[in-house]
Amino acid sequence: MLILASSSPRRREILSKFIEDFEVVPSEAEERCSLSDPVQYAVELARRKAKDAHGRFGGTVIGADTVVSINGHILGKPKDEEHAFRMLKMLSGRVHQVTTGYCIIHSGEEHCGSVVTEVKFRELDDGLIRAYIRTGEPMDKAGAYGIQGKAGLFVEWIKGDYYNVVGFPLEIVWKLRELGFKVI
Ligand SMILES: Cc1cn([C@H]2C[C@H](O)[C@@H](COP(=O)(O)OP(=O)(O)OP(=O)(O)O)O2)c(=O)[nH]c1=O
C-alpha cells in the first residue's frame, strides 16, 4: 500500500492525477528543526514525516516539506497577518527559491531528494499585499502565498517545476515509477 503522509489537500490532489490507489494519513512529526540550509531543512522534515507514518502504518510512505527562501534565509508559514505582510514585502520585486524536500520509504530503504524552483515576483504595493492577506490565502502556506490561487498574479516568471511550488514536485512521481508503481 502507498501512503502519502500529509495533511495538505494540494499534495493529495497532485498525486491523485498520476496514481490511482493511495491512502492519506496526516503526519504527526515535529515540524521544528534547527537546520538553516533550505535543502537540508526540507529533506529532514520530509524524512521525519515519512518515518512517523511508516512507523505507524508500514507500507511505502511519501513525506514532503516545502520551504520558501530568499538569500538563503528560510521563510516558513506566517504566524499572523503582520508576519505574512513582512514576508510578502520581502518577496516583492525579487527572485526567491521554493524548495520541496521529499522522502519515500520503500522496502526498508529511504529514497530522499529535493527540488528547487525559482520564482520572481513583481513589485507589490502595500495596498495589494494587505488586500491579499485579507483573503486568508497566505496563512497555511510557506512564504505566505499560494501560486495556485490569487498570488498567481504576483508572479513575473518561474523557472522549474510549477508543482514543486504547490508542494509536490513531479520528481516524486518519477521516483515512484522507478520503484515499480504504475503512473498515468
Ligand atoms: C509557496 C507555496 C506553498 N504552498 C503550500 C504547500 C504546503 O502545503 C505548504 C508548506 O507547508 P508544509 O509544511 O510543506 O506542508 P503542510 O503542513 O501544508 O502539509 P504536511 O506537512 O501535512 O504535508 O505551503 C502552496 O500551496 N502554494 C505555494 O505557492
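Predicted model: local features only at pLDDT ≥ 70, side-chain atom pairs only at ≥ 80, totals over all residues.

**Strand S3 and its partners**

- Nine of the eleven residues of S3 are buried, so the strand is largely enclosed by the rest of the structure.
- On one pairing, S3 runs parallel to strand S1 (residues 2-5), and three bridges join the two.
- You can trace that pairing through Leu 2, which stands opposite Thr 60, and through Leu 4, which stands opposite Ile 62.
- S3 also pairs with strand S5 (residues 95-106), this time in the antiparallel sense and over nine bridges.
- Strand S4 (residues 73-75) is another antiparallel partner of S3, joined by three bridges, with Ile 70 opposite His 73.
- S3 and S4 make a hairpin with two residues between them, and Asn 71 in the turn has a positive phi of about 50°.

**Asp 65, the listed residue**

- Is Asp 65 buried or exposed? Asp 65 counts as buried because 28 other C-beta atoms lie within 10 Å, and the cut-off for buried is 20 or more.
- Its bridge partner in S5 is Gly 101.
- Leaving out residues up to four places away in sequence, Asp 65 touches Ala 42, Leu 45, Ala 46, Lys 49, Thr 100 and Gly 101.

**Around the ligand**

- The shell has 23 residues, and Ser 6, Ser 7, Ser 8, Ile 147 and Gly 167 come nearest to the ligand.
- Sorted by class, the shell has nine nonpolar, nine polar and five charged residues.

**The start of the chain**

- Ala 5 finds its bridge partner in S2 at Val 25.
- To get from S1 to S2 the chain passes through H1, and this β-α-β crossover is right-handed.

- Gly 59 sits in the loop between helix H2 (38-57) and S3.
- With 14 other C-beta atoms within 10 Å, Gly 59 is partly exposed.
- Its contacts, not counting residues up to four places away in sequence, are Met 1, Leu 2 and Ile 3.
- Gly 59 and Ile 105 are 46 residues apart along the chain, yet their C-alpha atoms are separated by 8.1 Å.

**Two residues with positive phi**

- Ala 144 isn't a glycine, but its phi is positive, near 65°.
- You'll find Ala 144 in the loop between helix H4 (126-134) and strand S7 (155-159), and it counts as buried because it has 28 C-beta neighbours inside 10 Å.
- Ile 184 also has a positive phi, near 60°, and lies in the segment after helix H6 (171-178).
- Ile 184 has 8 C-beta neighbours inside 10 Å, so this residue counts as exposed.

Conventions. Residues numbered from 1 in each chain as written. Near = placed C-beta within 6 Å. Nonpolar A, V, L, I, M, F, W, Y, C, P; charged D, E, K, R; others polar. Buried ≥ 20, exposed ≤ 12 C-beta atoms within 10 Å, placed from the backbone. Contact = placed C-beta atoms within 7 Å. Pairing = 2+ DSSP bridges. Helix = DSSP H or I, 4+ residues; strand = E, 2+ residues; numbered from the N terminus. Right-handed = clockwise from strand over helix to strand, strands pointing away.
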